[in-house]
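Please keep the sequence and the 3D view at hand while reading.

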Amino acid sequence: MLSAKLFKLRGGVHPEGRKNLSAERHIRTLPLPQKLFVPLQQHIGAPASPVVNVGDKVLKGQLIAVAQGAVSSSIHAPTSGVIVALGDHVAPHPSGLPVPTITLQSDGAENWIACETIADPFALTPEDIAARVGAAGIVGLGGATFPSALKLNLSRSSGVQTLIMNGGECEPYLTCDDRIMRERAAEIVEGIRLIAYAVAAQEILVGIEDNKPEAIAAMQAASVDTPVKVVAMPSMYPMGSEKQIIQVLTGKEVPAGGRPADIGVLVHNVATAYAVQQAIRFGKPLLSRLVTLSGGAIKTPCNVEALIGTPVEELIAFADGYAQPAARMVLGGPMMGQQFTNTNVPVVKGTSGVLALTASEIGQAEPSPCIRCSTCIRACPVGLMPVEMVSRIRASDLAAAVDFGLKDCIACGSCSYVCPAHIPLVHYFNYAKGDLAAQERTKLKQEATKKLADARNERIARIERERAEAAARRKAAREAKAAKAAAEKAAEEVA
Amino acid sequence: MNPIAHSPHAHAPVSIPKVMGTVLLALTPATLFGFWLFGWPAINLWAVSLIAAILGEAFVVRMQGRAVRPVLMDGSGILTAWLLALSLPPYAPWWIAVLGSLFAVVVGKQVFGGLGQNLFNPAMAARVMLLISFPLEMTSWVAPAQAPGWLDSLRITFMSQPLDGMASASLLGHVKTEFTRGVGLDQALSGYYAPQHMLMGSRAGSLGETAAVLLLIGGLFLIARRIITWHAPVAMLLGVAVPALLFNAIDANHYAGPLVHLLSGGLMLGAFFIITDPVTSPNTAKGQFIFGLGCGLLTWIIRTWGGYPEGVAFAVMLMNAATPLIDQFVKPRIYGRDRKGAALSVEKR
């Protein structure tokens with residue numbers, strides 16, 4: 001099964017993996033926290049809307065916030081207890097700004113809702129599977145957090161040839177996908193088959209980087225006599241990026257501005273498959289996820305299963321705290337993760353890792369002038385020229401940067417990682433993308449304003465015109481009347 | 001807490017000083033060979049070049065009100081002066097080195113806006129300036145012989161003592177002169193050209209351009225360390241060797257063969273250390289190949305039909321000027337788009 005044909009990938013980098021810090025640590029369940037902080041937005045799309053009030057008693061797995069609109073996801077109580085607050089709590093975001101959050105006081109009893117167990121999930125209709133995945137609040141657990149049910153429905157309507165399961169985990173340090181594949185391979189394979197059934201995929205490929213031989217072996221053993229094909233991919237960053245894994249496994253490229261479904265491909269993360277299996281087979285909504293705790297400043301790096309809403313602080317305490325003061329705290333992997341400063345932030349559905357990094361691990365240095373060495377061009381997996389884009393952005397020429405492919409940038413950070421001048425290239429690109437979006441919004445607004453102003457001017461002109469016309473009419477009438485009166489008077493006099 | 005930083009939160013262990021340091025290291029064998037071959041005058045000239053570049057750069061950067069230390073520490077000025085020194089006649093007077101170094105770092109680089117901003121390779125710009133302005137000093141070669149003592153070397157470098165009895169011509173210069181006298185290649189080369197000497201570098205020539213094999217080793221080291229790629233050097237060598245081979249096959253008495261061309265003049269230094277300067281060469285691998293090919297072809301054309309016996313510096317500057325044009329037309333294909341930049345069409349199934 002390992003001899004599947006692989007296709008060539010452009011660019012990429014080989015950051016030091018540092019996965020050995022936590023790769024051999026079994027998944028452990030975090031002790032039940034006293035308070036859980038569950039944000040209403042943990043996914044791409046509209047925030048969920050709360051369906052509980054302060055003081056309500058909830059059961060583990062009970063719906064507490066319902067999806068809003070086309071792109072959204074529901075949220076469930078991670079444990080049983082009492083809702084103590086519906087308010088703001090620090091967000092898992094670099095800004096650390098507060099976001100709407102449901103605060104749940106645990107009662108320590110872990111009383112579940114009644115879960116429906118299904119003996120033969122393949123007897124369900126594909127539509128039913130998608131509906132149950134949606135009801136379970138499952139989102140892409142690789143980090144993108146796109147609502148999974150929506151992806152299933154979109155893919156079913158457009159037709160899927162190939163289902164790709166992403167077990168790449170190309171980010172350094174992170175080992176939670178590695179561990180889940182090693183320890184829960186049978187469940188994952190069942191989840192994969194359920195997803196494939198839901199979208200009627202003809203081919204199922206599980207791509208795993210070859211730096212995880214145990215995970216590959218476990219997944220292969222679990223997929224014997226199934227249509228699931230496990231493929232070892234070369235270890236390279238960003239192999240686990242959606243566009244890149246599609247390219248390396250199928251040789252196809254997602255058209256610019258398009259979706260994988262356009263070329264008959266659907267990509268899901270392996271941890272998502274596990275969540276799908278739990279939801280369909282046992283009726284369990286998504287209440288927890290695996291998180292890797294690692295970095296040189298963490299005393300005992302490990303992999304934990306944490307309830308959604310658990311403060312990161314408690315995870316760090318579980319890993320025996322800090323070995324040394326952390327120079328930087330990161331949620332996610334080091335290549336694309338986000339820095340955070342407040343350890344009260346909760347674990348959310350997209351939290352794959354909590355890293356406490358030392359200064360030497362970060363390797364930060366003052367930026368120096370660009371020597372146009374083009375290392376960034378060689379590293380870019382998309383075929384962009386970061387050196388040219390950044391010079392245009394520095395000159396505020398965003399249109400030229402777009403011509404060089406700014407909108408095709410996947411923000412993987414490969415260019416920044418290799419830049420000998422330590423220029424924060426991705427930072428420039430994300431700033432420019434934000435600026436571009438703001439400009440486009442302003443332009444739309446200006447156009448709308450102009451339209452309204454034009455309409456107003458026209459209306460005023462029309463009213464004036466009508467007034468003038470009315471005045472002219474009145475004047476004419478008056479004059480006609482006067483002339484008539486004069487004529488009558490003259491006639492009287494004559495008579 | 002530190003200010004919020006953007007991802008990535010990891011970095012490859014690279015920096016500009018490390019890049020420049022690796023290039024200097026790669027140049028060291030050929031440089032030491034030049035010192036051994038030409039003796040103390042070569043060392044004097046090399047030292048004067050470096051000192052002039054450091055002081056000159058420090059002065060102009062200070063005049064601009066910028067911090068001097070980071071500019072000097074990036075190592076680019078030292079590398080420029082080093083490359084220039086290697087391309088000078090080893091017995092050239094001190095003021096040639098000073099003028100050249102100052103021209104390279106001040107006019108060639110800082111006037112354009114400092115590191116990364118210059119259009120032309122600073123070392124080659126300085127070399128061309130010197131060659132045009134001081135043709136006599138820039139073409140006074142010596143045959144490698146008994147190297148002079150230290151005191152004599154001071155007289156040679158700093159008092160412009162005439163090179164009695166030691167004057168010689170470089171191979172390319174000799175061939176050019178002989179042609180003007182109507183002497184064919186077979187006669188001109190006899191006694192002047194021995195491939196093994198050319199390979200090892202025991203010949204008249206610039207301070208550090210003679211040891212083809214050591215420069216090649218340095219270049220391969222840079223390729224192995226991923227500081228440069230093979231594209232530009234290989235293309236330049238091809239650009240010289242292919243026409244040389246063709247024309248040599250047509251008229252061996254008038255056109256020197258590929259080996260003579262490859263092993264003489266500044267070709268090896270140019271191919272591995274000059275045209276691989278990232279600032280003044282194209283960005284993409286394909287662009288670098290085109291650039292190298294152009295450098296090679298122009299070098300061969302100037303050597304064969306031009307007024308000067310050697311053409312590397314002119315060829316490099318001409319191709320430097322073409323670099324923005326090459327970058328405009330040679331770009332990588334973007335994922336999900338065709339070569340013209342349009343989105344790939346969706347397959348209809």
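## Domains of chain A

Domain bounds are taken from an automatic or database domain assignment. For chain A, that assignment gives domain 1 (19-106 + 122-307) and domain 2 (367-495). Taken over C-alpha atoms, the centres of domain 1 and domain 2 of chain A are separated by 40 Å.

Two residues are in contact if their C-beta atoms, placed from the backbone, lie within 7 Å. By this rule, 6 residues of domain 1 of chain A are in contact with 5 residues of domain 2 of chain A. The side of domain 1 of chain A that touches domain 2 of chain A has 3 nonpolar, 2 polar and 1 charged residues. In this classification Ala, Val, Leu, Ile, Met, Phe, Trp, Tyr, Cys and Pro count as nonpolar, Asp, Glu, Lys and Arg as charged, and the others, Gly among them, as polar.

## Basis and confidence of the model

This is a predicted model, in which local features need pLDDT of at least 70 and side-chain atom pairs count only at pLDDT 80 or more, while totals for chains, interfaces and linings use all residues. Residues are numbered from 1 along each chain as its sequence is written, and chains are lettered from A and ligands numbered from 1 in the order in which they are written.

The model scores ipTM 0.87 and pTM 0.87. Chain B averages a pLDDT (the predictor's confidence in each residue, from 0 to 100) of 88, and 93% of its residues score at least 70.

## Contact between the chains

Where chain B meets chain A, 38 residues of chain B are in contact with 55 residues of chain A. The side of chain B that touches chain A has 20 nonpolar, 12 polar and 6 charged residues.

## The largest nonpolar core

A residue is buried if 20 or more other C-beta atoms lie within 10 Å of its own, exposed if 12 or fewer, and partly exposed in between, with C-beta atoms placed from the backbone. A nonpolar core is a set of buried Ala, Val, Leu, Ile, Met, Phe, Trp, Tyr and Cys residues joined through C-beta atoms within 7 Å.

The largest nonpolar core has 246 residues, and A:Leu163, A:Ile192, A:Met219, A:Leu315 and B:Ala85 have the most contacts inside it. Helix α1 (residues 16-38) of chain B gives the most to this core, with 10 residues; helices (H or I, at least four residues) and strands (E, at least two) are DSSP runs, numbered from the N terminus. Leaving aside neighbours within four places in sequence, the contacts of A:Leu163 include A:Ile195, A:Val199 and A:Leu266.

In chain B, B:Pro148 lies in the loop between β1 (141-142) and α8 (150-158). B:Pro148 counts as buried because it has 20 C-beta neighbours inside 10 Å. Beyond four places in sequence, B:Pro148 is in contact with residues including B:Gly39, B:Trp40 and B:Pro41.

A:Glu110 is in the loop between β8 (98-106) and α1 (126-135) of chain A, and it is partly exposed because 14 other C-beta atoms lie within 10 Å. A:Glu169 is in the loop between β9 (162-167) and α3 (176-183) of chain A; A:Glu169 counts as buried because it has 31 C-beta neighbours inside 10 Å.
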